[in-house]
Amino acid sequence: MASGLMLEETELRLGLPGGGAGELAEVAVIRSSGKRGFLETIDLKLKLQTPAESKESESTEQGNKATDPHEKPPAPKEQAVGWPPVRSFRKNILNVQQQSESKNKEEQSDKAAAAAAAAFVKVSMDGAPYLRKVDLKTYKSYQELSTALQKMFSSFATSGNYGSEQGVSVRDFMNGAGKVTALVINGSEYVTTYEDKDGDWMLVGDVPWEMFVDSCKRLRVMKGSEVVGLAPTAMEKRKNRG
Amino acid sequence: MGRVRGGEERADQPPPFSDQVLENVIENVLEFLEYRRDRNAASLVCRSWYRAEAQTRREVFIGNCYAVSPARAITRFRAARALVLKGRPRFADFNLVPPGWGARFSPWVAAMAPAYPWLERVCLKRMTVSDADLALLARSFPSFRDLTLICCDGFGTPGLATIAELCRNLRVLDLIENDVEDEDEQVADWISKFPEATACLESLSFECVNCPVNFAALEALVVRSRSLRRLRVNQHVSIHQLRRLMERAPQLTQLGTGSFHSVPGAAGAPDLDVADLESTYAASKSLVCLSGFRMLEHEYLPAIFPVCANLVSLNLSYAMITAEQLKPVIFQCHNLHTFWVLDTIGDDGLQAVAKSCKNLSELRVFPFDASEDSEGSVSDSGLVAISEGCPKLRSILYFCQRMTNAAVMAMSKNCPDLVVFRLCIMGRCRPDQITGEPMDEGFGAIVMNCKKLTRLAVSGLLTDRVFEYIANHGKSVRTLSVAFAGNTDLSLKYILEGCPNLQKLEIRDSPFGDAGLLSGIHHFYNMRFVWMSACKLSSAGCKEVARSLPHLVVEVIGEWSQDLDTDAVEKLYLYRSLDGPREDAPPFVKIL
């Protein structure tokens with residue numbers, strides 16, 4: 001039951017500007033839990049990615065999460081949604097607290113630094129009627145976030161046919177903002193943008209992952225054709241401020 | 001609200017004269033019935049009692065807002081002064097219910113506005129309340145005095161401003177763990193909107209409102225509200241400001257302290273001396289309940305010493321403190337009944353609690369790092385210590401990474417009065433830390449030894465056996481939460497057939513299928529709801545349930561509407577309803 005493969009190779013540049021040659025994109029056909037049919041996802045190999053990360057991203061996503069208890073439970077690679085059952089409200093507040101406790105040098109600061117308190121942000125997609133919320137701290141890289149977003153929105157965008165134009169792929173194109181890396185869902189191009197702490201809308205992918213997680217307030221998946229007049233990249237912003 | 005019965009439509013016709021005299025007598029007697037269970041029983045005696053009870057019920061409690069339409073509730077209870085309404089299923093708190101699912105307050109407030117001119121009190125939990133709803137509420141009920149919103153969303157500070165401004169008799173405004181959303185441009189200075197004339201406020205809680213408040217207005221409000229007993233401020237109130245508020249209101253009984261943090265370099269404010277803050281606390285002789293500490297600066301914690309001996313309730317669950325920082329406080333809290341804390345205190349901190357809080361009734365230990373692979377600071381030994389030191393324990397919520405059957409068994413024997421036992425071993429399917437066995441025996445001991453248990457949440461590695469134990473011994477269990485547990489449909493069969501009092505069942509990520517679900521058909525009308533997500537249900541089984549039980553609403557919920565075409569059911573939410581399927585279901589919900 002293989003589904004269609006990506007038809008083109010693309011050159012991706014999701015690392016810092018001025019970096020070396022981009023990597024090739026590969027397609028990994030990943031079987032979902034078996035209940036829904038296939039999702040095509042793209043396995044992005046970022047320049048910055050470590051070998052450990054790339055192994056992780058190639059593994060299949062979890063099938064049935066309820067394991068046979070007589071086997072050793074598998075080490076979970078994905079965090080389950082809403083587990084452990086702590087309200088996001090509580091997770092977020094502790095995150096704020098850590099950031100302001102910068103002068104606390106007791107043993108708590110080690111815990112604070114290591115803790116993966118949550119960073120919930122809203123995600124909207126143009127044309128989708130409902131918002132979602134994701135916890136950025138559950139992802140370790142742009143790739144994982146990208147995969148999650150594709151899963152989240154591809155079931156909205158696909159219409160059930162799996163012809164050559166359907167599914168999700170990645171393509172670069174030029175528009176008024178310069179070179180942009182787009183998700184192609186169902187033949188339309190979508191670009192992921194985020195609102196940062198200053199209220200500016202930026203393209204996702206410009207800054208190191210941790211910096212992005214700290215500054216991202218909201219995500220928006222918008223049609224590629226509308227990506228004009230975005231704020232200059234975060235790096236340029238910083239340069240301009242001197 | 002009473003069981004489903006026929007012939008209700010005729011209950012509103014006026015009875016003959018002699019019966020009317022009797023009814024008036026009954027009404028006077030029924031005024032004295034407070035508990036809704038008593039009232040429900042009285043209403044079933046005969047039509048006359050039904051009518052009389054309906055006329056005299058002042059507080060209407062609706063545990064599932066979709067179980068009954070606003071019109072039906074209002075038609076039956078014409079004299080209600082208070083409404084308590086609950087909406088979304090609890091798993092919505094953990095992002096398992098997509099936004100936009102429902103539970104909107106709008107149809108309720110629209111129906112009540114013309115019908116309940118004397119409405120005084122509204123309490124909502126997990127509902128979506130818009131600013132427009134709040135405005136309609138504020139305008140429609142001149143006697144309105146009490147608004148409590150818990151885990152709600154959909155409103156912002158403009159809605160609060162309308163409430164403040166128009167509810168002239170407001171006594172209680174309690175906002176607890178709501179998602180208060182404001183677009184940046186729209187933030188309203190709602191505290192200033194309380195008119196000068198409003199001076200009857202008794203309780204004000206706004207910890208969940210995330211934007212700064214106008215402190216001068218807040219202080220003025222506190223000064224003129226001589227009846228104020230409960231004040232819980234948000235984290236934008238600094239410790240200096242807190243002190244001023246406490247000095248204006250030494251009569252407070254409950255205090256949410258806000259940040260408990262000084263603002264460095266604040267203009268004109270020298271560093272607050274701990275001794276000065278301590279003397280302020282010493283003057284608050286009525287304080288019995290403390291919470292807040294949202295950004296605790298540890299040096300200030302000793303300031304609360306003067307009130308510790310009087311404290312009945314202490315919530316430190318936002319404070320990252322160690323055992324050593326806790327001990328000087330907790331050793332003085334001999335009267336504590338309720339204690340919420342972060343697991344940063346470790347087993348050592350729990351030992352200290354066990355040593356000093358002999359009257360402890362409710363304990364909640366929250367995880368500082370709520371992830372599956374975090375280190376975890378509390379373990380089985382902390383649980384045992386608590387059980388040994390606090391035999392009167394009735395309610396516990398405990399997050400940990402390491403647990404043993406022996407520890408849970410110890411608690412079951414040492415704390416026989418347990419009513420609520422919620423243990424969350426954060427690593428999925430984690431076995432007994434020492435023996436490697438499933439956690440079946442531990443939870444089994446809980447249901448065997450704690451005869452008053454009504455609420456249970458299980459976790460860790462669990463087989464069908466634990467559900468057999470629950471079915472055989474957990475006869476009083478009303479609420480059961482299950483996650484990543486069980487082997488086969490037998491588990492579900494056991495509890496649906498064995499627990500006669502089961503009302504709320506929430507299950508996620510467990511291998512239970514249609515056969516298990518169908519074994520509950522005889523019982524679903526007696527339940528408030530069943531939630532099952534990421535189990536092994538198919539639409540055939542769910543349709544069978546819907547076919548067999550016409551008064552049951554069976555919802556299949558997907559992330560997007562396309563998910564609903566498949567045979568597998570990802571999320572099931574079923575509940576009884578007197579008024580059939582709801583009309584406001586979004587596209588990603590299919591009602592079978």
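**Close-up 1. Arg171(B) and Glu202(B) pair up in a salt bridge, with their closest N and O atoms 3.7 Å apart.** A salt bridge here is a side-chain nitrogen of Lys or Arg within 4 Å of a carboxyl oxygen of Asp or Glu. The pair ties together distant parts of the chain, 31 residues apart: Arg171(B) sits in the loop between α7 (157-166) and β5 (172-176) of chain B, and Glu202(B) in the loop between β5 and β6 (203-205) of chain B. Helices (H or I, at least four residues) and strands (E, at least two) are DSSP runs, numbered from the N terminus. Arg171(B) is partly exposed at 23% relative accessible area, and Glu202(B) is partly exposed at 31%. For these labels, buried means under 20% relative accessible area, exposed over 50%, and partly exposed in between (1.4 Å probe, protein chains only). Keep in mind that this is a predicted model: local features need pLDDT of at least 70, side-chain atom pairs count only at pLDDT 80 or more, and totals for chains, interfaces and linings use all residues. Residues are numbered from 1 along each chain as its sequence is written, chains are lettered from A and ligands numbered from 1 in the order in which they are written, and side-chain values use heavy atoms, with hydrogens and water left out.

**Close-up 2. Arg243(B) and Glu247(B) form a salt bridge, 3.3 Å between the closest N and O atoms.** Both sit in helix α9 (residues 239-248) of chain B, and being four residues apart they are separated by about one helical turn. An α-helix has 3.6 residues a turn, so residues three or four places apart point the same way. Arg243(B) is partly exposed at 21% relative accessibility, as is Glu247(B) at 38%.

**Close-up 3. Glu362(B) meets Arg364(B) in a salt bridge of 3.0 Å, N to O.** Glu362(B) counts as buried at 18% relative accessibility, while Arg364(B), at 21%, is partly exposed. Elsewhere, salt bridges with shared partners join Arg87(A), Asp93(B), Arg126(B) and Glu177(B) into one network. Over all chains, the search turns up 26 salt bridges.

**Close-up 4. Helix α16 (residues 440-449) of chain B is largely enclosed by the rest of the structure, because seven of its ten residues are buried.** Among the buried ones are Phe443(B), Ile446(B) and Val447(B). The cover over the buried residues includes α15 (405-414), β14 (420-425), β15 (455-457) and α17 (464-473) of chain B.

How values were computed
Contact = heavy atoms within 4.5 Å.
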